[in-house]
Amino acid sequence: MGNTDSKLKFRKAVIQLTTKTQPVEATDDAFWDQFWADTATTVQDVFALVPAAEIRAVREESPSNLATLCYKAVEKLVQGAESGCPSEREKQVVLNCTRILTRILPYIFEDQDWRGFFWSTVPGAGRAGADEEDDGARPLAESLLLAIADLLFCPDFTVHSHRRGGPDSAEDMQSLDSCEYIWEAGVGFAQSPPLNYIHDLNRTELLRLLLTCFSEAMYLPPASDGNVLNPWVTFFCSTENRHTLPLFTSLLNVVCAYDPVGYGIPYNHLLFSDYREQLVEQAVQILIVTLEHESGHAHRAPSPTNTCTHTCAGPHNLFVNYLSRIHREEDYDFVLKGLARLLSNPLTQTYLPNSTKKIQFHQELLVLFWKLCDFNKKFLFFVLKSSDVLDILVPILYYLNDARADQSRVGLMHIGVFILLLLSGERNFGVRLNKPYSLHVPMDIPVFTGTHADLLIVVFHKIITSGHQRLQPLFDCLLTIVVNVSPYLKSLSMVAANKLLHLLEAFSTGWFLFSAAQNHHLVFFLLEAFNNIIQYQFDGNCNLVYAIIRKRSVFHQLANLPTDSASIQKALQRKKKSPDTISRTNSQEMVSMEGSRPAVPAEPGTLKASLVAMPGIDKLTEKSQVSEDGTMVAVPQTDSPGSPEHGPRLQHDHSRSNSCPVQVLSWKSKLPLQTIMRLLQVLVPQVEKICIDKGLTDESEILKFLQHGTLVGLLPVPHPILIRKYQANAGTAVWFRTYMWGVVYLR
């Protein structure tokens with residue numbers, strides 16, 4: 001009964017606030033206390049009892065009352081942070097104020113005139129007798145953020161108490177060393193405090209308010225240069241907040257130590273609520289939002305005149321600073337294993353349907369993994385040092401394959417491809433891909449026996465041939481990844497070899513090559529990949545060599561591509577008759593893996609977050625040449641029209657078509673066909689002779705011959721290996737920010 005009673009009281013207070021046209025004095029405690037002192041409302045109650053229309057009405061009609069409500073709620077949080085909330089009543093007041101502010105803040109942010117409100121100092125808000133220099137002059141936003149930080153390490157409220165004395169010996173909040181109260185063992189902290197679901201719930205509520213504060217970024221118009229720092233994040237992650245280190249560590253450890261399957265009891269997630277999951281979800285969202293690039297720090301080297309010490313040259317954002325300084329192998333191992341466990345969670349197959357819990361925040365985890373690799377290069381090298389990188393690769397390929405037909409998940413496709421592009425810039429990634437693939441992850445791709453490289457190629461083929469139209473800008477990236485790893489692939493399966501040749505066949509049809517100015521790049525990428533494998537990994541790749549011999553007509557057609565206007569126009573006419581972008585014919589689709597579901601489009605009415613355009617592959621990557629000792633040397637950018645770096649991205653508008661004979665002639669003369677033509681010239685007569693002599697129609701005999709054959713001394717001099725390494729730029733920074741807030745908002 002008491003709960004219904006307090007809901008009525010709370011609702012009555014809200015109605016009074018919306019109907020009062022006169023300002024209510026800040027000193028009228030009897031009125032303001034109705035909102036937090038005598039009520040026990042849940043966060044759901046607050047959202048239900050304070051409708052959006054009423055918040056907007058107060059904002060328009062009695063702005064001073066809305067301002068006082070915010071100011072009083074922050075004041076209560078500050079008082080709670082100072083006292084340490086020794087009584088249950090004080091804890092309840094803090095939670096109520098947290099919920100009210102979480103509800104109201106978005107309506108402050110959406111109105112341009114109100115945005116500065118939290119950053120202004122409230123007149124007379126200084127504590128009695130305080131000097132102007134004192135905390136009294138702090139903007140409301142700063143007071144709120146510092147109070148939240150203190151409350152996140154409040155004994156008996158959000159952390160376990162360490163006090164020795166009786167119940168009266170409350171710990172002094174000001175002298176408390178929060179590094180002793182880190183929430184979970186892991187990076188930099190060895191003890192695992194006992195689980196306490198009340199603490200988890202309270203932390204979750206405070207983090208939700210914190211995320212709401214940070215979300216002001218969603219309401220701001222995008223800056224032209226993309227270099228807008230979020231003032232809430234900047235302050236919270238600065239030296240002003242004395243809890244940055246323990247809080248960063250707590251958030252990271254809580255995420256990486258989480259095991260959604262629990263104690264392995266089937267259906268355990270249906271029997272009891274997992275408060276830890278809600279906390280982990282908020283924690284990972286706070287991490288990805290706070291780890292932001294600083295303008296001037298992220299992509300510009302410090303000027304030679306700047307001789308200050310390391311401390312001021314490093315990022316001012318302490319979360320970024322701490323992340324970049326993690327260096328112990330056991331910490332890297334803990335983080336990598338934790339992220340791999342969580343990313344693989346939706347892939348787990350069990351014999352009992354729905355018996356294991358499936359997490360929903362894999363997109364946030366991918367952004368976190370990206371930021372770890374981006375801000376901590378040693379972590380990236382650690383990931384690539386062992387086969388553990390494959391525990392990240394397989395879930396990413398699973399998500400890419402699963403989301404390929406769903407337009408609402410185009411952001412997930414991008415982040416997955418970005419991560420693989422980043423990894424593919426390192427030699428070790430290509431080497432690791434040779435490990436045999438033996439997992440049975442349910443994916444609707446052809447069954448094959450082979451390596452992780454085969455899995456990658458088969459999934460990429462599926463994305464290109466049966467994904468939706470909005471994925472076309474990613475084709476360049478997908479094939480760049482294939483080119484980057486190609487010099488290291490020891491033995492492709494027949495399935496993967498056929499898929500690559502099917503792509504070449506599709507991309508080298510006349511209508512496709514001439515229909516957009518950049519389409520020929522895709523052919524260049526594929527030829528480069530074939531050349532790398534033939535020159536550097538010929539011995540183990542008889543399947544690919546056989547596939548090239550079987551499809552030799554495709555290479556001859558490319559070499560003899562017509563470049564006169566009449567032929568080009570004829571090819572484009574053919575395109576109008578067959579509108580399908582990439583034909584699925586000639587690609588023998590085999591049986592899909594057991595237990596897999598086909599990729600499906602978004603449900604009608606699914607919310608789609610809009611994303612800014614992604615920079616083209618030439619902006620995303622820089623070329624490096626691999627020298628003989630394995631080190632990489634940057635190659636200066638050239639703008640030769642033949643190179644796939646020229647021009648931003650795949651396009652399909654006919655206004656920018658490639659139908660000018662001069663253009664076609666210019667890139668056709670640069671097609672890297674010499675190596676393949678020489679291979680065909682040497683091997684085709686030999687294979688034909690074997691077939692005639694032995695009356696063979698059997699593939700296995702031909703493959704055996706190719707396996708033992710050699711082209712030493714017969715091929716052109718091997719070209720240097722070119723790797724296109726991902727490079728950060730302003731365009732990708734803006735893309736990540738919009739994607740990240742889209743994910744947080746939709747969830």
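**View 1. Helix H33 gives the largest share of the lining of the largest cavity, five residues.** The model is predicted; local features need pLDDT of at least 70, side-chain atom pairs count only at pLDDT 80 or more, and totals for chains, interfaces and linings use all residues. Residues are numbered from 1 along each chain as its sequence is written, and side-chain values use heavy atoms, without hydrogens or water. Helices are DSSP runs (H or I, at least four residues), numbered from the N terminus.

**View 2. The largest cavity holds about 180 Å³ of space.** A cavity is a set of points on a 1 Å grid over the protein atoms alone where a 1.4 Å probe fits but cannot get out; lining residues have an atom within 4 Å of a point. Points are joined across faces, edges and corners, and the volume is the space filled by probe spheres set on them. Of 16 lining residues, His293, Lys371, Thr732, Ala733 and Phe736 are the closest to the centre. Helix H16 (362-375) and helix H33 (730-746) are the elements that give two or more residues. The lining divides into eight nonpolar, four polar and four charged residues. Nonpolar means Ala, Val, Leu, Ile, Met, Phe, Trp, Tyr, Cys and Pro; charged means Asp, Glu, Lys and Arg; the others, Gly among them, are polar.

**View 3. The second largest cavity holds about 120 Å³ of space.** Val14, Leu17, Val50, Leu69 and Ile104 are the closest to its centre, of 14 lining residues. Helices H1 (2-19), H4 (52-61), H5 (63-83) and H6 (88-109) each supply at least two. H1 gives the most, four residues. By class, the lining has 12 nonpolar, one polar and one charged.

Key: 1 Å grid on protein atoms, 1.4 Å probe; cavity = no way out; pocket = protein on both sides within 12 Å on 5 of 7 lines; lining within 4 Å.
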